[in-house]
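Please read the following alongside the sequence and the model.

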Amino acid sequence: MKKRKVMSVILTGAMVASSLAACSSGDAKGSTKKDSKKVTKVDVTKEDKNTLSVYAWDKNFNIPALKAAEKAYQKKNPKFKLNIIEQSQSSDVETAITTAGSAGDFTTLPDIVLFQDHYFQKYVTDYPKAWVDLEKSDVQWADFGQEKLSYSTIKNKHYGVPVDNGTVVCAYRTDLLKECGYTIDDLTGVTWDKFIEIGQKVHKKTGKYLLSMDGAGNDLPYMMLQAEGVSQFKDGKVNLTKNETLKKIIDKIVEMKQKDVLYLANDWSDYTDQTIIGDMVAGVMNGNWIIPTIKQVKKNEGKWEITSMPTLNGEEGYASNGGSSLYITSNCRKQDLAKDFLAYTFGGGEGKQETYDKALEDGGVITTCISAGKSDVYNKGVKYFGDQAIYSKIVEMGTHVKVVEQSDFHYVCREQVAAAIQNIINGTKTDAALKDAEKQVKFAMEK
């Protein structure tokens with residue numbers, strides 16, 4: 001994402017923040033793009049016929065997953081080699097595409113790039129000649145959740161093969177809930193009103209908040225809206241002032257803040273370091289890449305469990321926040337090899353289980369491939385979460401995430417809605433705050 005604040009942490013046998021899920025790896029959350037080091041260019045003409053080059057970031061998360069795929073594909077092609085060119089963060093990949101596209105010369109790109117889901121549609125819009133579609137491939141599209149595929153499907157053509165899973169988890173301290181007379185079932189399939197009621201009692205008795213979030217890069221509105229099947233955009237246009245569901249959700253966010261149910265941190269670092277690692281909360285809601293951050297508090301091992309989200313009407317809610325996919329660039333001279341490699345491994349082919357099991361064990365990457373999430377590795381209980389089989393549960397929850405309209409201006413909108421919420425908390429009327437936010441997003445979209 002933009003203004004990267006990297007939260008990549010090694011945690012044995014568990015998951016590590018994806019870029020964001022990718023959304024969290026590269027950035028955890030800000031909104032101002034900045035370039036980092038100069039990307040390493042690769043001359044694909046010098047590679048042999050069994051080698052593919054790929055740009056990827058995060059040596060503890062995405063890169064172990066790619067190495068797992070390389071090893072799995074070598075069962076089919078023993079001579080195969082994946083030349084992984086590590087980037088410091090996800091913005092490096094975006095910079096490489098921008099530089100190549102601006103020059104009208106894509107020969108500086110590798111065969112494959114790892115790209116954040118929320119960003120891809122913008123880069124197809126800006127640089128349509130940079131990409132190769134995957135229509136003529138053996139990727140098992142039906143084996144993936146439609147919401148995940150929606151990011152990389154443009155004009156009914158598939159471009160990306162999913163790597164990691166951004167499904168939102170609601171994690172709760174079951175020991176603190178018990179202290180207040182509740183279980184995790186009391187927070188499963190509940191309304192936001194019930195959530196607030198429980199949160200007030202938890203804070204009064206334990207002094208801990210049931211929820212926290214980065215107030216500047218506030219992901220709550222997006223996640224809560226998606227759980228309702230609603231977007232902040234409609235027919236390609238920003239939709240805030242006439243979005244009644246958004247207004248109801250913002251009302252709940254403001255109420256949670258006022259009643260000490262929600263703690264809004266000043267920035268991403270405060271959110272992760274102070275509220276989660278600092279043990280201020282009895283609950284965490286975000287893309288599942290947040291799990292390694294939760295696990296840093298060693299004394300709370302065995303005291304957490306995960307479940308689905310609350311909704312306005314009390315149905316179990318599901319959303320996704322973050323994640324990344326692999327894309328073939330137009331500079332790839334071995335497109336058949338690249339397509340076969342992706343289909344065989346991450347794309348649900350014969351090597352999927354070896355790829356995804358090892359990716360989970362070595363890097364914490366959770367698949368969105370539905371059948372791959374049913375293995376013994378995925379169904380193994382996780383000690384930190386009271387031996388709950390959280391990985392298979394996350395994959396299953398991901399199948400229920402509703403597809404909502406996405407936009408190239410997702411992060412611009414997130415920043416403006418976050419600012420509107422802060423203004424509302426400080427006394428501005430909701431309609432006035434959203435009117436200003438919508439105006440700012442429109443201005444950015446019209447540039």
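In this predicted model, T430 has a relative accessible area of 19% and therefore counts as buried, the limit for that class being under 20%. T430 belongs to helix α16, which covers residues 430-446. Setting aside residues up to four places away in sequence, T430 touches K247, D251 and I424.

The next stop is a pair of helices. Helix α2 (residues 62-73) packs with helix α13 (residues 352-363) at an angle of about 145 degrees, and the two axes are 8 Å apart. The crossing of α2 past α13 is right-handed. On the α2 side, the residues that take part are P64, A65, A68, A69, K71 and A72, and they meet E354, T355, K358, A359, D362 and G363 of α13. Sorted by class, this contact of α2 with α13 comprises six nonpolar, two polar and four charged residues.

K75 lies in the loop between α2 and β2 (81-87). Is K75 buried or exposed? K75 has a relative accessible area of 58%, so it is exposed, since that class takes values over 50%. With neighbours within four places in sequence left aside, K75 is in contact with Y344 and E354. The side chains of K75 and E354 are joined by a polar contact of 3.0 Å. E354 is also one of the α13 residues that meet α2. K75 and G351 are 276 residues apart along the chain, yet their C-alpha atoms are separated by 8.3 Å.

The buried residues in α12 are L337, A338, K339, F341, L342, A343 and Y344. For Y344 the relative accessible area is 13%, which means that Y344 is buried.

A pair of aromatic rings is described by the distance of the centres and the angle of the planes. For Y73 and Y344 these values are 5.5 Å centre to centre and 75 degrees between the planes, and the pair is edge-to-face. Distant parts of the chain are linked by this pair, as Y73 is in helix α2 and Y344 in helix α12, 271 residues apart. Y73 counts as buried because its relative accessibility is 3%.

A second pair is formed by F115 and Y327. Their ring centres are 6.4 Å apart and their planes stand at 90 degrees, so this pair too is edge-to-face. F115 is in strand β3 (residues 112-116) and Y327 in strand β14 (residues 324-328), so that the pair links distant parts of the chain, 212 residues apart. Why does F115 count as buried? The relative accessible area of F115 is 1%, and buried means under 20%. Y327, at 0% relative accessibility, counts as buried as well.

F115 and Y327 are also members of one aromatic cluster, together with F120, Y123, Y127, W131 and Y159.

Conventions:
Residues are numbered from 1 along each chain as its sequence is written. This is a predicted model: local features need pLDDT of at least 70, side-chain atom pairs count only at pLDDT 80 or more; totals for chains, interfaces and linings use all residues. Side-chain values use heavy atoms; hydrogens and water are left out. Buried means under 20% relative accessible area, exposed over 50%, partly exposed in between (1.4 Å probe, protein chains only). Helices (H or I, at least four residues) and strands (E, at least two) are DSSP runs, numbered from the N terminus. Axes are lines fitted to C-alpha atoms, for helices over the stretch in contact, and angles run from 0 to 180 degrees between N-to-C directions. A crossing is left-handed if the near helix is turned anticlockwise from the far one by less than a right angle, and right-handed if clockwise. Contact means heavy atoms within 4.5 Å. Ala, Val, Leu, Ile, Met, Phe, Trp, Tyr, Cys and Pro count as nonpolar, Asp, Glu, Lys and Arg as charged, and the others, Gly among them, as polar. Rings of Phe, Tyr and Trp (its six-membered ring) pair if their centres lie within 6.5 Å; planes under 30 degrees apart count as stacked, over 60 as edge-to-face and the rest as tilted. A polar contact is a pair of N or O atoms within 3.5 Å; within protein, one must be able to donate a hydrogen and the other to accept it, and residues adjacent in sequence count only if both atoms are side-chain atoms.
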